[in-house]
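Open the model in your viewer and keep the selection panel at hand. The tour visits a pocket, then an interface.

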Amino acid sequence: MAMAALRREGRRFAAPLISPQPIRSSLIAEEQAPLGVRSISTQVVRNRMKSVKNIQKITKAMKMVAASKLRAIQTRAENSRGLWQPFTALLGDAPSVDVKKNVIVTISSDKGLCGGINSTSVKISKAMHKLTAGPEKETKYVILGEKAKAQLIRDSKKDIELSITELQKNPLNYTQVSVLADDILKNVEYDALRIIFNKFHSVVSFLPTMSTVLSPEVVEREAESGGKLGDLDSYEIEGGETKGEILQNLAEFQFSCVLFNAVLENACSEQGARMSAMDSSSRNAGEMLDRLTLTYNRTRQASITTELIEIISGASALEG
Amino acid sequence: MLRRATGLLARPILSCRARPFSTDLPAPQTTDSSFVEAWKKVIPNMEPPKTPLSFMQPRPPTPSSIPSKLTVSFVLPYASELSNKEVDMVIIPSTTGQMGVLPGHVSTIAELKPGLLSVHEGNEVTKYFVSSGFAFIHANSFADIIAVEAVPLDQIDASLVQKGLAEFTQKLSSASTDLEKAEAQIGVDVHSALNAALTG
C-alpha cells in the first residue's frame with residue numbers, strides 16, 4: 001500500500017527510466033518512475049479492460065433491443081404468411097420461367113451489425129443475374145435497403161433501376177408497401193419479377209428465398225403452352241371486361257401481397273440475425289475480458305513480487 | 001468463428017428433431033427441379049434459394065364426387081381470418097354482384113368490390129364487410145379469399161357511414177380534376193356499399 005503511494009508520487013515528478021529487467025509481455029509498458037523504483041505498468045491493460053467491458057455492455061443492450069423488436073414483428077410476419085399462399089395455389093410457382101425482361105427485387109436492411117443476411121441476399125441476387133443472363137435478355141435490379149445498395153452499386157451500377165431506403169422508418173404496413181409496389185410497377189418494365197429475401201424460419205435460421213411474380217402477358221403465354229399454369233384457362237373470370245384486365249389486376253395485387261410478406265419476413269430475419277450477432281459479440285467480449293483479467297493479475301503480482309525482492313535484497317545487503 | 005459453428009450445427013439439428021422455437025411447420029419440401037438443375041449448372045458452389053412451393057401445404061386434387069363442405073381460407077394482410085375452415089357456403093361480393101359459392105362450384109377467379117361477405121356454417125352466419133380483393137375458387141372445393149381490409153359488421157358505426165357518404169357525395173359534386181373525381185367516386189362507392197351492408 002505504501003509502496004503504491006510512493007510509486008504514484010514518483011510518477012508525477014521523475015523522468016522515465018529504462019529498466020534493465022526483461023519485459024515479459026507486449027502489454028507491459030514502461031511508466032515514468034522515480035529514481036530507484038522500477039515497476040511494471042498495469043495501466044494499458046486496465047484501459048483495454050474498460051473498453052472491452054463497455055463494448056460488452058453495448059452489445060448486450062443491442063441484443064435486448066433486437067429481441068424486443070423481433071417479438072413485435074414476428075407475430076405480424078406470421079399473420080401475413082397466409083397472404084401469398086392463395087396465389088401460389090392458383091398460379092403455381094415457376095422460378096425457372098424463361099423470359100426476356102427480368103427484374104430482381106432485393107430486400108435488405110438499412111442498418112448493419114446483423115450478421116450475414118444482407119451478403120447472402122446480394123450473393124443470390126448476383127447469381128440470379130448470372131442465371132437469367134443471355135442473348136436478348138436483360139436483368140435489372142430494384143433494391144430495397146441501404147446495405148444491398150452499397151454492395152451492388154460497386155459492380156452493377158448500370159443495372160440498378162430503382163433503389164429505396166428508409167423503409168422501416170415508420171412501422172411496416174400494407175398501405176406503405178402497396179404504394180411502393182405501385183411505384184415499382186409503374187417505373188419498371190418487367191416480364192418476371194423475382195423477389196429475393198430471407199425467410200424467417202427460426203431465431204437462428206434464415207432461409208434465402210426467391211418468389212416469382214409473372215406479368216400478365218407471361219401468365220397468358222404459360223397458360224396457353226400448358227405446363228404448370230395449364231389449367232388457368234379452366235377458371236371462369238368474374239367481373240371486369242376482359243380476362244387481360246383481370247390478370248393485370250391480379251398480377252399487381254399478387255406483387256404487393258408477396259412484397260408485403262417478403263418485407264416483413266426480412267425484417268424479422270434482420271432482428272434475429274442481429275440478436276445472434278450481438279450475442280456472439282458479447283460472448284467474445286466476455287472471453288476477452290477473462291483473458292485480460294488474467295494478464296492484469298499476473299502483471300500486478302509480478303510487480304509486487306519484484307518490489308518485495310528489491311526490498312528484501314536491499315534489507316539483506318544492509319544487514320550483511 | 002462461433003457464429004459459423006452454430007450455423008453448421010443448426011443444419012443437421014434442423015432435419016433431426018422438432019425445433020421448439022421455430023415458427024414454420026415442417027411442410028413437405030417440394031422444389032422445382034428444373035430450377036435447381038439450372039442453378040447448379042451456373043452456380044455450383046451455392047445452395048439455390050428456396051421457393052414458395054417448398055413452404056406450401058399441398059392441396060388435395062379434384063375429387064371425383066362433389067364434397068359436402070367447402071374449405072375456405074379468408075386472409076388479410078395482417079391476419080388470417082379463416083384458414084382452411086370447412087363451411088357450407090360463402091357469399092362473396094364480386095364486381096358482377098353477390099355470388100354464392102357452394103361445394104363443387106366451377107373454378108373461378110373473381111375480383112371483389114366493396115361489399116358484404118357472409119360465411120354460412122350450419123345455422124350460423126358470420127358477416128364481414130370487405131374493402132376489395134380477389135377470390136379464387138378451385139375445382140377441389142377450396143376457396144381462397146384475399147381482401148385488403150375486412151371488418152365484422154357489428155364493429156361498423158352507422159352514423160359515421162352516413163356522415164362519410166354525405167361528405168364524399170359533396171366532394172364528388174365539387175371535384176375539379178379527374179383524380180379528385182376518381183377519389184370521391186371511390187369514397188361514395190365504399191360508403192354506399194357500407195350503407196347497403198348495414199341495412200340489407
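**Stop one: the pocket**

Select Y174(A), S178(A), F253(A), S132(B) and V148(B): of the 24 residues lining the second largest pocket, these lie nearest its centre. A pocket is an open set of 1 Å grid points, over the protein atoms alone, where a 1.4 Å probe fits, with protein on both sides within 12 Å along at least five of seven lines; lining residues have an atom within 4 Å of a point. This is a predicted model, where local features need pLDDT of at least 70, side-chain atom pairs count only at pLDDT 80 or more, and totals for chains, interfaces and linings use all residues. Residues are numbered from 1 along each chain as its sequence is written, chains are lettered from A in the order in which they are written, and side-chain values use heavy atoms, without hydrogens and water.

The second largest pocket holds about 740 Å³ of space. Colour α6(A) next: its seven residues are the largest share of the lining. The lining has eleven nonpolar, eight polar and five charged residues.

**Stop two: the interface**

Now show both chains. 54 residues of chain A are in contact (heavy atoms within 4.5 Å) with 49 residues of chain B. Pick out L131(A), H201(A) and E238(A), which supply 13% of the area that chain A buries against chain B, more than any other three residues. Buried area is the accessible area (1.4 Å probe) that two parts lose on being put together, summed over both.

Look for salt bridges (Lys or Arg side-chain nitrogen within 4 Å of an Asp or Glu carboxyl oxygen) across this interface: the rule finds zero. Finish on α8(A), which gives the most to the side of chain A that touches chain B, with nine residues.

Terms used
Points joined across faces, edges and corners; volume = space filled by probe spheres on them. Helix = DSSP H or I, 4+ residues; strand = E, 2+ residues; numbered from the N terminus. Nonpolar A, V, L, I, M, F, W, Y, C, P; charged D, E, K, R; others polar.
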